[in-house]
Amino acid sequence: MDEAHRAAASGRRELARQRYEGALYLLRDATEATAASTILRRVGRTYLDDGDVEAGVDCLTAAHAAATACGNSSEVAHTVNVMAISYVQRGLLEEGRQLYEEASRMARLAGDERLIAMVEQNLGVIASMHGEAERALEHYRDSLDRYRSLGLLEDVARLLNNIGLAHVRLENWDQAARTYVESHALAKACGDGWTRLMVEVNTVALLIAKRDFTNAKSACDRILLEAGSLHERRLIAEAYKHAGVIARESNRLADADSFLRMAYEEAMAREDLLLGAEIAREQAELFLLLGRNRATLQALSLSHRHFSNLRSQQDLADIRRRMRLLEQRFNDAVEEWAQNIESKDEYTAGHCQRVADDATAIATDMGFDESNLFWFRVGALLHDVGKIVVHSDILNKPGPLTPDERREMEKHPVAGVELLRDIDFPWDVFPMIRGHHERWDGHGYPDGLAGEDIPLAARILCVADVYDALTSDRAYRRAFAPREALRLMQADMGRGFDPDILAVFFRIKLADPAVMRAAATPDALADAPPHAPRPSQPRPALPS
């Protein structure tokens, strides 16, 4: 068992499992059930460290059964603690926290000081993932005092690495650097190769934060060489992520693409959602530099989904912060793409932005929540993306379109959906893009849907889209004044538009002083029906 422990500490987990299994075969009777539980638990932990969660959980289940059967409450608590680690590793933070608290209660009843220290350390990790660095440090200091009093230098080394991370979150750079130095020295003295490499990985992150890319690259190259020979997948994923960021910031964009792609594959092989989300966001930054708008949206959407999965377990402050940054970047990328769409059509400059503004105002009035509003606006900004496939001569023709040209133009809603098909949007924007030219009376395109068969978001977008078309100059006519455009739309109420949505739009526009000042016929909208949204109108609550 000592040989197995040393092998695991040096990263040779396959050898560790062989030694543990050899020890297991040497057990002879029921009095050694506690030793069996310990062996199974440690084997399970090696599988978790390899990213093989299924095998790890199988071993932990057997370890828990053995410890329970022999009535060893301390060993049961140890097993529960490692089970909690398996949940946290997969992003199931709330389930992990509950198991840690159960392990802590059992450890205190059993008087197991080392386990109490381990659980405090793990609760500190949870606090850190909440973005609560100060609270994490409180748990870590409690744990550190216990480890030091027990003379457990290997555990002290691992904990100091976590303390360094907490100082980085608090931007205590010098304190973080000193802590990493102490952790590294202890890990090296104890022969703990995994912790030593993890400290080096985190030191690279510190160098990147200081923009010392030369030293960061040298350190990262050394880590990848050593971690690769030990098959340390988590360390490899972290190091590839840092290597990708260093390459991106050093303008080696092809290298950055390769490193970040390998980092994401390693993270997902371990089911590490937090690391996967961070890597996807770094990929999005790279794709933005490369001008690859579609890939940028794809990476940001992927990152958003991973962060959402984590947030669904608990309201994590750190994830909220990352989500706000992510949504802003997503919005920036979509706006840039919208400008590219409009650059093909000289008469629609600003069209996507104006339509998004008006459509979002309607959706807000109708009760869309904040999260859905963000993605609704993304869909509105991208509603004409399919025009990229329409020839510029047709888009800018100064006169009526021929039937063939009209058919070509009417392909853009379906083309837009196809262009974005590979992007896993957190909110279903595709019905908006496909359906924004459907008509309430069923005479629209591409599917000829009618009434409430047209998706709600598309009905809203249709109103905003037509209004902007009417109030914008075209090659074949001048723009209508705002109130004149509303009068024309009123005449098509119940045929082209959902009457209730149009009534909401009237109310919003007629409360706008700029619209009221604009020239229009004297009786325009004097008798606009005071429709309100139907009580039974479905509200968007689409799953992320």
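A disulfide is a pair of cysteine sulfur atoms within 2.5 Å; the structure holds zero disulfides. The model is predicted, so local features require a pLDDT of at least 70 and side-chain atom pairs count only at pLDDT 80 or more, whereas totals for chains, interfaces and linings use all residues. Residues are numbered from 1 along each chain as its sequence is written, and side-chain values use heavy atoms, with hydrogens and water left out.

**Figure 1. Overview of the chain and of the confidence of the prediction.**
The secondary structure comprises 27 helices and zero strands; helices (H or I, at least four residues) and strands (E, at least two) are DSSP runs, numbered from the N terminus. Of the 544 residues in the chain, 52% are buried, where buried means under 20% relative accessible area, exposed over 50%, and partly exposed in between (1.4 Å probe, protein chains only). A contact means heavy atoms within 4.5 Å. Among the contacts in the chain with a separation of 6 or more, 61% are made by residues 24 or more positions apart. The mean pLDDT (the predictor's confidence in each residue, from 0 to 100) is 85, and 88% of the residues reach 70 or more. The pLDDT is below 50 over residues 312–316, a stretch that has 13 contacts in the model beyond near neighbours in sequence. It is also below 50 over residues 519–544, where the model has 52 contacts beyond near neighbours in sequence.

**Figure 2. The nonpolar cores.**
A nonpolar core is a set of buried Ala, Val, Leu, Ile, Met, Phe, Trp, Tyr and Cys residues joined through side-chain atoms within 4.5 Å. The largest core has 56 residues, of which Phe330, Leu382, Leu420, Phe425 and Ile460 touch the most other members. Helix 24 (residues 456–470) gives the most to this core, with nine residues. Not counting residues up to four places away in sequence, Phe330 touches Leu297, Leu300, Ser301, Phe374, Trp375, Val378 and Phe425. A second, separate core of 42 residues includes Ala67, Leu93, Met118 and Leu159. In soluble globular proteins, nonpolar side chains tend to be buried together.

A search of the whole structure finds four aromatic pairs. Rings of Phe, Tyr and Trp (its six-membered ring) pair if their centres lie within 6.5 Å; planes under 30 degrees apart count as stacked, over 60 as edge-to-face and the rest as tilted. One of the pairs joins Phe368 and Phe376 edge-to-face, with 5.4 Å centre to centre and 65° between the planes. Both Phe368 and Phe376 are buried. A charge sits over a ring if NZ of Lys or CZ of Arg is within 6 Å of the ring centre and within 35 degrees of the ring normal. Arg17 lies over the face of Tyr47, at 4.3 Å from the ring centre, and Arg90 lies over the face of Tyr87, at 5.0 Å from the ring centre.

Asn122 belongs to helix 7 (residues 113–129) and is buried, with a relative accessible area of 12%. Leaving aside neighbours within four places in sequence, Asn122 is in contact with Asn81, Ile85 and Tyr100. Gly496 is placed in the loop between helix 25 (482–491) and helix 26 (499–510); with a relative accessible area of 5%, Gly496 is buried. Not counting residues up to four places away in sequence, Gly496 touches Glu438, Arg439, Trp440 and Cys462. Gly496 and Val463 are 33 residues apart in sequence and 8.8 Å apart in space, C-alpha to C-alpha. Cys462 is buried at a relative accessible area of 7%, whereas Cys190 is partly exposed at 31%.

Most residues other than glycine have a negative phi, and most peptide bonds are trans. A cis peptide bond joins Tyr445 and Pro446, with omega about 10°; Pro446 is found in the loop between helix 23 (430–435) and helix 24. Glu171, a residue other than glycine, has a positive phi near 60° and lies in the loop between helix 9 (153–169) and helix 10 (173–190). Glu171 counts as exposed because its relative accessibility is 54%. Asn251 also has a positive phi, of about 65°, although it is not a glycine. Its place is in the loop between helix 13 (233–249) and helix 14 (253–269), and at 61% relative accessibility Asn251 counts as exposed.
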